[in-house]
Amino acid sequence: MFDLPALREASRLVRAEVPATPQYAWPRLAERLGCEVWVKHENHAPTGAFKVRGGLLYVQSLLARAPQTRGLVTATRGNHGQSMALAARNAGVPIIIVVPEGNSREKNAAMRALGAELVEHGADFDLARAEAARLAQVHGYESVPPFHPDLIRGVATYALELLEAVARLDAVYVPIGMGSGICGLIRTRDLLGLDTEIIGVVSSEADAYARSVEQGRIVTTETANTFADGMACRMPVAEAFDIILQGAARIVRVTDAEIAQAMRIYHEDTHNTAEGAGAAGLAALCQERERQRGKKVAVVLSGANIDRQGYARVLAGD
C-alpha cells in the first residue's frame with residue numbers, strides 16, 4: 001500500500017493545510033472507565049473530521065499525475081465531501097458532490113460554502129455513489145472513490161501522530177464507515193512495528209463489515225438505518241475488508257443508544273462535541289470496559305459534524 005517514508009511525506013504535505021490534532025488523556029474518562037483513556041481529537045481538524053487529510057492528499061496526487069483533470073465528482077454523507085470540496089477549492093478545480101436525500105443540512109451547507117455543486121439523490125449512500133459515477137461520465141470529470149490508496153495514506157497521518165505521541169498503547173478503538181480510517185491505522189501500526197490492538201466499531205444497524213469479518217467474505221445488508229451517518233455502510237469495499245480481516249483484532253457492534261450515551265459522555269467529561277460516528281469508539285470502549293480495565297487505550301473521535309437540533313436531542317436524552 002505505502003511504506004513509512006511515503007507516510008511521512010504525506011504527513012509533510014497534509015501539515016501544510018492541517019495542523020496536527022491533539023491527543024489528550026482525560027482524567028474523568030479514566031475515572032469512569034477504569035483505564036487510561038487517550039482521545040485522538042480529529043474533531044479539531046479544519047473541517048471538523050479526519051477525512052480532510054485524505055482529500056487533500058488525493059487531489060494533490062491526482063493533479064500531479066493528471067494535470068488536465070477537468071473536475072471531480074464524489075458521493076458522501078458529509079465528511080468526505082467537505083474534505084474533497086476543500087481540496088478542490090484549494091486546487092481551483094470544480095467538484096460535484098452527491099448526497100442521499102435527507103442528508104444532514106449543516107453538512108450540506110458546509111460543502112456548498114466550500115464551493116461544491118451539491119446533488120441530492122437516492123435513499124442512502126450507496127445509491128448516491130451510483131449517481132456520482134453516472135455524473136462523472138456525463139461531465140467528463142474524475143470519479144473519486146470512497147476508498148483509494150491516496151485517501152488512506154492521507155488519513156493515516158492521524159494514526160502516525162497518535163501512535164508516535166502516545167507510547168505503548170494496548171488498544172485503539174476506531175469507527176468503520178467505508179474503511180479508510182481503520183485501514184490507515186492498521187497500516188501505520190504495522191509500519192511502526194507495534195503490537196497495539198486495532199478494534200473496529202460499527203453500528204448494530206449498519207454492521208456489514210462485522211458480518212463480513214465473521215463470515216470471512218463480503219456480506220452486504222439491505223439497510224443502514226443509523227443516525228451515525230458516518231457508519232451507514234451497506235456494501236463493504238473489498239480492499240478495505242481484506243485489510244480489516246487481517247489487521248483488526250475484532251469488530252464491535254454498538255447501538256444508537258450506546259452511541260448517544262457516548263456523545264453525552266464526551267460532552268460531560270471533555271466538553272467536546274462528537275457526531276455519531278465520532279463517538280462510536282468511546283461507545284465500544286464503554287461496552288468493553290471490563291476487558292480493558294487497567295490498560296492504556298485510545299479512542300478516535302473522528303468527527304464533530306452533527307446538526308444542532310439533532311445534537312440537542314441527544315444531549316437531552318431523546
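In what follows, Ala, Val, Leu, Ile, Met, Phe, Trp, Tyr, Cys and Pro count as nonpolar, Asp, Glu, Lys and Arg as charged, and the others, Gly among them, as polar. The model is predicted, and local features need pLDDT of at least 70 while side-chain atom pairs count only at pLDDT 80 or more, although totals for chains, interfaces and linings use all residues. Residues are numbered from 1 along each chain as its sequence is written, and side-chain values use heavy atoms, with hydrogens and water left out.

An unreviewed UniProt entry lists residues 19-303 as "domain: Tryptophan synthase beta chain-like PALP", and such annotations may be inferred rather than shown by experiment. Over residues 19-303 the chain is 47% helix and 16% strand, where helices (H or I, at least four residues) and strands (E, at least two) are DSSP runs numbered from the N terminus. The end C-alpha atoms of this stretch are 15 Å apart.

The interior can be approached through its nonpolar cores, a core being a set of buried Ala, Val, Leu, Ile, Met, Phe, Trp, Tyr and Cys residues joined through side-chain atoms within 4.5 Å; buried means under 20% relative accessible area, exposed over 50%, and partly exposed in between, with a 1.4 Å probe and protein chains only. The largest nonpolar core has 46 residues, and those that touch the most other members are Leu-169, Val-172, Ile-182, Cys-183, Leu-185, Tyr-209 and Ile-244. Helix 7 (residues 149-165) supplies the largest share of this core, with eight residues. Ile-244 is in contact (heavy atoms within 4.5 Å) with Ile-176, Ile-182, Cys-183, Ile-186, Tyr-209, Val-213 and Ile-251, when its neighbours within four places in sequence are left aside. Another core, of 34 residues, lies apart from the largest one and includes Val-39, Met-231, Ala-279 and Cys-286.

Grid points are joined across faces, edges and corners, and a volume is the space filled by probe spheres set on the points.

The largest pocket holds about 610 Å³ of space. Its lining has 32 residues, of which Arg-77, Thr-226, Phe-227, Asp-229 and Arg-313 are the closest to its centre. The lining of this pocket divides into eight nonpolar, eleven polar and 13 charged residues, and helix 13 gives the largest share of it, four residues.

Two cavities of 30 Å³ or more are present. The largest cavity, of about 390 Å³, is lined by 31 residues, with Lys-51, Gly-177, Met-178, Gly-230 and Met-231 nearest its centre. Its lining comprises 15 nonpolar, eleven polar and five charged residues, and helix 8 contributes the most, three residues. The second largest cavity, of about 40 Å³, has a lining that includes Lys-51, His-80, Leu-151 and Ser-180.

His-80 lies in helix 4 and counts as buried because its relative accessibility is 9%. Beyond residues up to four places away in sequence, His-80 touches Lys-51, Thr-74, Ala-75, Val-144, Pro-145 and Leu-151.

Note on methods:
1 Å grid on protein atoms, 1.4 Å probe; cavity = no way out; pocket = protein on both sides within 12 Å on 5 of 7 lines; lining within 4 Å.
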